[in-house]
Amino acid sequence: MAMAIRVCLLLLVFLSSAIVSFSLYEDQVGLMDWHQRYIGKVKHAVFHTQKTGRKRVIVSTEENVVASLDLRHGEIFWRHVLGTKDAIDGVDIALGKYVITLSSQGSMLRAWNLPDGQMVWETSLHSAQSSKSLLSVPINLKADKDYPILVFGGGYLHAVSAIDGEVLWKKDFTAEGFEVQRVLQPPESSVIYVLGFLHSSEAVVYQIDSKTGEVVAQKSMVFPGGFSGEISSVSSDKVVVLDSTRSILVTIGFLDGDISFHKTPISDLVEDSGNAEILSPLLSDMLAVKVSKRTMFVRVGGEGKLEVVDSLSDETAMSDSLPVADDQVAFASVHHEGSKIHLMVKLVDDLDTVLLRESIQMDQHRGRVHKVFINNYIKTDRSNGFRALIVMEDHSLLLLQQGAIVWSREEGLASVTDVTTAELPVEKDGVSVAKVEHTLVDWLKGHVLKLKGSLLLASPEDVAAIQEMRMQSSGRSKLTRDHNGFRKLFIALTRAGKLFALHTGDGRIVWSMLLNSPSKSEACERPSGISLYQWQVPHHHAMDENPSVLVVGRCGSDSSAPGVLSLVDVYTGKEISSSDIGHSVVQVMPLPFTDSTEQRLHLIADTEGHVHLYPKTSEALSIFQREFQNVYWYTVEGDDGIIRGHAMKSSCAGETADEYCFTTRELWTVVFPSESEKIISTLTRKPNEVVHTQAKVSTDQDVLYKYVSRNLLFVATVSPKGAGEIGSVTPEESALVVYLIDTITGRILHRLSHQGCQGPVHAVFSENWVVYHYFNLRAHKYEVTVVEIYDQSRAENKNVWKLVLGKHNLTAPISSYSRPEMFTKSQSYFFAQSVKTIAVTSTAKGITSKQLLIGTIGDQILALDKRFVDPRRTLNPSQAEKEEGIIPLTDSLPIIPQSYITHSLKVEGLRGIVTAPAKLESTTHVFAYGVDLFYTRLAPSKTYDSLTDDFSYALLLITIVALVAAIYITWVISEKRELSEKWR
Amino acid sequence: MPNLTLVLFLSTLLFSSSFAFQSDELLLDDEEFGLEGGSHPRSPEPVITDSPPKQTPSIRRRYSDPDLDSKIQFTLEHAFGDSDFSSAGTFSARLKTWSHGGQTLTKLRFSRNEFSDEEKDAFQNLLKGDDFYRIRLPSNVVTPPGREYVIASVRARCLPRDGLDEHIVIHMDGANILAVSYGSPGACPYPRQLKLPGKWTFNSHTILKSSEQAPRTPIFTEEILGSSENMEGEAEAPVERSFWAKYWMYLIPLGLIVMNAVTQASNMADEQPAGSQGQAPAAIQRGSAPRRR
């Protein structure tokens with residue numbers, strides 16, 4: 001015990017002597033940072049508007065978020081982000097006060113309190129196999145004072161009490177392989193009908209007593225053709241299903257337990273038969289079928305007869321049906337026409353009766369309507385009104401009411417896939433500073449307020465005023481470049497293929513743009529975005545040109561699908577050009593060359609082993625030809641465990657006439673033995689990283705030279721057994737091996753194996769060091785290892801005279817073909833947290849010391865000084881080493897609560913952290929994305945090169961004035977006194 | 001460092017520099033393998049040893065277990081530019097099978113075939129075009145070629161010195177070859193000059209490398225237990241000392257100020273009747289006093 005105290009004391013002493021912690025005061029929150037909360041693309045929505053009070057809509061999304069939104073303003077009342085593997089299958093409201101969510105393929109049922117989102121109960125349901133899942137909350141089913149919720153998932157049908165989550169009964173269907181498709185409940189009956197398919201060829205109906213779970217009756221009937229999965233229940237005793245060829249609609253009636261089939265080929269209903277698709281599965285007595293881009297409404301007659309009632313040629317999104325007054329059922333449909341969308345609400349029984357017809361101007365960059373959810377309300381004139389929640393192609397969520405967009409949420413930003421930065425335009429001469437800085441009086445007033453604040457004389461109102469002034473200060477949300485480079489744009493590409501430009505000042509969307517397919521062909525209606533590159537960053541020449549980014553997209557999910565390139569002007573957000581490139585995109589390589597208009601040359605590798613040069617201009621070609629011999633690239637085949645290096649060979653003139661296409665040849669391979677190693681992570685340095693100095697001087701007048709190479713690849717492999725979950729293997733079975741590979745020659749420069757360790761590996765590579773995070777099975781802890789690489793071939797350049805006389809090899813070009821003389825230093829530390837991602841700060845000149853930005857499992861970002869992961873840390877550093885800033889060695893890395901740069905906020909679902917340098921050397925931009933977005937500015941070594949924002953210029957001015965006045969007054973007084981002395 | 005004993009550099013290095021014609025003879029013998037480095041008449045340099053001395057005993061121990069050794073051979077193949085691969089030499093080694101199932105390659109010897117006339121021509125063409133000379137090895141030495149060949153290449157102009165110098169580092173994992181690094185033993189600065197080799201013979205340096213074990217993360221609780229007393233003595237003593245050490249620069253001026261104030265206060269008491277107008281006039285008065293006299 002005493003030992004532990006001593007250890008703690010020691011640690012405390014070490015830490016308190018060593019740490020310059022990053023933290024900010026309470027009133028500084030929100031000055032440099034902003035945080036935006038999102039939920040993702042909405043899958044299900046349930047309105048809750050019956051009662052008076054807050055009108056809300058409960059949504060579940062593809063980002064596994066369940067949230068309650070304010071129906072009036074679109075704000076989030078509450079939300080919960082479930083884990084990445086906890087996908088939500090269904091959401092509903094039970095008892096009028098609980099939100100029920102079913103997730104993890106029907107094995108997790110949770111109830112949340114509707115007003116505040118507190119979890120009421122959680123039930124883990126038994127699941128034997130993976131199957132589709134189904135959540136059914138019967139409205140008026142009551143069993144012994146309890147309200148059962150019926151859940152199917154994993155081969156079991158469960159009835160769960162809505163009150164406390166207790167499992168009332170369960171029915172095992174695993175043996176038969178029965179898949180429940182629908183749970184129907186005839187009104188005024190305690191028997192429920194469970195309809196499902198057996199091996200998708202036999203329809204089975206169970207009648208189950210809802211109180212006990214006993215099977216009352218069972219009927220089954222084999223359908224020879226087999227069913228496809230889609231099903232639409234049209235009434236309480238009928239469902240319509242597509243057969244396996246998708247050309248016949250089958251009506252299944254199961255009145256009183258007798259099953260009957262009624263087949264209707266699609267070709268009877270419509271001439272051009274193709275593969276049919278059943279839309280919107282919850283329309284009563286009506287069916288919506290999509291056949292070759294036409295949507296048909298099919299009424300289901302009494303004996304299962306089908307007839308086409310209406311058809312829409314354009315693509316239409318439809319809602320589920322909604323009961324309105326007088327036993328009528330309505331549904332909404334939305335279709336596009338030019339730049340407008342038309343919302344129609346019709347009665348199901350009578351399609352000619354249009355309850356609501358609205359046309360709304362819609363932004364072209366939102367794409368098509370994907371989903372519609374409707375809700376009705378009573379208008380002031382006692383008639384029925386409708387509001388519709390629509391989900392667009394770019395994942396945005398909009399509420400339509402009375403022919404207008406009441407609110408919209410840019411939910412595309414919850415699924416950012418790639419981020420890059422861009423500069424804002426330079427301020428034009430026409431705008432004078434005075435306009436922005438208001439009048440001198442205001443300015444002085446502001447500073448007096450600040451002065452009051454710093455002298456602790458300010459009243460609460462003054463404090464509020466100061467806060468507001470700070471927020472507006474120096475026009476931080478202006479759309480022009482500033483001197484310090486604090487104002488920038490973050491260009492974010494989302495999974496929906498939309499590009500957003502976010503302002504660093506306040507996080508607002510400056511512009512947004514949905515990617516378009518240039519050919520508008522059938523196969524490639526909407527390309528999906530893969531990655532973003534800086535295409536043109538004018539700074540020396542071509543200052544008149546606007547900067548632009550390159551968006552690489554793909555027509556389809558397959559990697560061999562043809563690619564699409566799109567150039568987007570950063571200032572305006574307009575697409576400059578877009579082209580179908582006619583080949584696939586496997587890898588995009590920005591080259592370190594630019595043409596005369598500062599367009600960067602890019603190589604794109606396709607699946608056939610060819611590379612293509614962009615931009616396709618003769619100038620680019622001539623630049624590339626000059627460096628043809630010196631262009632190398634590599635590919636990582638993760639599944640095969642092979643890394644290959646390639647060099648350019650020749651133009652592919654023999655095969656195609658394309659002079660911008662080149663063949664390559666294989667130079668080297670690294671083949672990992674498939675039985676013992678599997679690639680789990682590869683990483684290179686950021687290509688645009690700046691290293692200030694290669695030399696590192698230690699206090700004993702020794703110089704270490706960093707081995708700074710752009711062509712280093714970090715690879716981590718684990719034993720195939722150990723590739724699974726942490727703890728699934730014993731320490732003996734798993735080993736982690738890390739490599740540093742030169743990508744020009746394929747040399748393995750460093751190879752280190754960690755026995756008894758396991759992935760996942762999160763790594764960061766900067767300058768001459770790699771830091772990686774993994775799990776140590778023996779110690780049952782996470783570990784962080786640092787590897788630093790030093791160049792030995794330059795180690796002799798220590799003599800000053802040699803440097804003076806020029807007898808050094810510091811300026812000699814480095815060739816990868818020379819035998820590398822380097823050595824590594826490495827050290828491991830325990831780290832208490834599991835990590836989602838790691839990044840490192842980057843500054844303009846690379847002088848400022850670096851901080852690791854660790855995205856922790858709690859969705860926060862921890863800033864850790866690189867000094868803590870220095871391999872030169874020793875147990876008892878000498879005085880000289882202490883002066884150099886070497887921290888005494890500890891076995892674990894400290895987690896200091898003040899160094900969370902996200903302070904009290906959480907970046908839910910954190911996926912990535914991007915850093916970008918500001919113009920001011922001390923400062924770096926940090927942008928973190930996940931379901932939420934977070935931005936802040938960091939100064940890892942404090943802002944040593946500028947005064948802080950709240951520096952009181954007024955106080956300085958007043959002091960100077962007062963001093964000058966005092967000098968003058970004393971001078972006058974002394975003159976007078978002297979005169980009077982002389983007169984005496 | 002106790003950790004050092006845990007570190008097992010499993011790299012074994014054997015070196016041979018040879019002319020091609022010796023190959024047959026060397027392949028046949030295996031009794032002398034242990035001595036081959038020294039016995040070789042043509043090796044101008046000592047055996048390069050990457051492995052720390054600690055490793056030797058463990059190897060020796062295995063050594064005395066001759067039943068588990070097996071002799072293997074695998075070929076080095078080369079290609080000129082984009083030509084097909086052809087045989088360029090043979091590696092022979094012993095494969096040791098350890099009791100726990102691991103395999104290690106030891107006592108590697110390499111015999112290089114001499115360039116034929118066509119090959120010399122091809123190589124000269126490579127030199128002229130600054131093209132690649134490529135080599136490959138099987139990725140598994142027991143069942144060559146294993147999954148795939150391991151390829152390495154170098155600009156041909158890097159090789160010629162007096163003869164043709166080559167430096168081969170083979171990265172092993174058991175019986176698997178992960179990668180091979182191939183190049184000249186020295187530097188090869190970028191504007192590569194065209195230089196024909198003086199002799200068409202290869203000076204081959206071969207190194208076998210296997211992975212290093214990462215040092216164990218130090219766990220301090222134990223170490224502190226062992227040396228806790230002096231550790232703490234060192235850590236706490238500076239803390240106690242440092243109060244004065246740290247603050248003397250503040251304390252001394254403070255003392256001076258206090259003393260100054262005390263003396264000034266006593267002076268003030270003396271000059272009480274004179275100074276009714278405050279500090280600044282008093283100073284001026286004093287400054288002008290000499291002139292008055």
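User: How many bridges join strand S40 of chain A to strand S41 of chain A, and do they run parallel or antiparallel?
Analyst: In this predicted model, strand S40 (residues 548-554) and strand S41 (residues 562-569) of chain A are joined by seven bridges. The two strands run antiparallel.

User: Which residue in S41(A) is the bridge partner of A:Arg554?
Analyst: A:Arg554 has A:Gly563 as its bridge partner in S41(A).

User: What is the strand order of the sheet that holds S40 and S41?
Analyst: The order is S39-S40-S41-S42 in chain A. These four strands form an open sheet, and the pairing is antiparallel.

User: Why is one side of S39 and of S42 left without a neighbour in the sheet?
Analyst: Strand S39 (528-536) and strand S42 (575-584) of chain A stand at the edges and have a single partner strand each, so one side of each has no neighbour in the sheet.

User: By how many degrees are neighbouring strands of this sheet turned against each other?
Analyst: On average they are turned by 20 degrees, with direction ignored.

User: How many bridges join S62(A) to strand S63 of chain A?
Analyst: Six bridges join S62(A) to strand S63 (residues 924-929), and the two run antiparallel. Within this pair, A:Pro917 stands opposite A:Thr924 in S63(A).

User: Stepping back, how many helices and strands are there in chain A?
Analyst: Chain A has nine helices and 64 strands.

User: And what share of chain A is buried?
Analyst: Of the 984 residues in chain A, 53% are buried. As for contacts in chain A with a separation of 6 or more, 50% are accounted for by residues 24 or more positions apart.

User: Changing topic: how many cavities of 30 Å³ or more does the structure hold?
Analyst: The structure holds five cavities of 30 Å³ or more. The second largest cavity contains about 40 Å³ of space.

User: Which residues line the second largest cavity?
Analyst: Its lining comprises A:Phe628, A:Gln629, A:Val631, A:Ala647, A:Met648 and A:Arg665, together with B:Phe132 and B:Arg155.

User: What is the lining of the second largest cavity by class?
Analyst: The lining of the second largest cavity has five nonpolar residues, one polar residue and two charged residues.

Methods. Residues numbered from 1 in each chain as written. Chains lettered and ligands numbered in written order. Predicted model: local features only at pLDDT ≥ 70, side-chain atom pairs only at ≥ 80, totals over all residues. Heavy atoms only, no water. 1 Å grid on protein atoms, 1.4 Å probe; cavity = no way out; pocket = protein on both sides within 12 Å on 5 of 7 lines; lining within 4 Å. Points joined across faces, edges and corners; volume = space filled by probe spheres on them. Nonpolar A, V, L, I, M, F, W, Y, C, P; charged D, E, K, R; others polar. Pairing = 2+ DSSP bridges. Axes fitted to C-alpha atoms, helices over the stretch in contact; angles between N-to-C directions. Buried < 20%, exposed > 50% of the residue type's maximum accessible area, 1.4 Å probe, protein only. Contact = heavy atoms within 4.5 Å.
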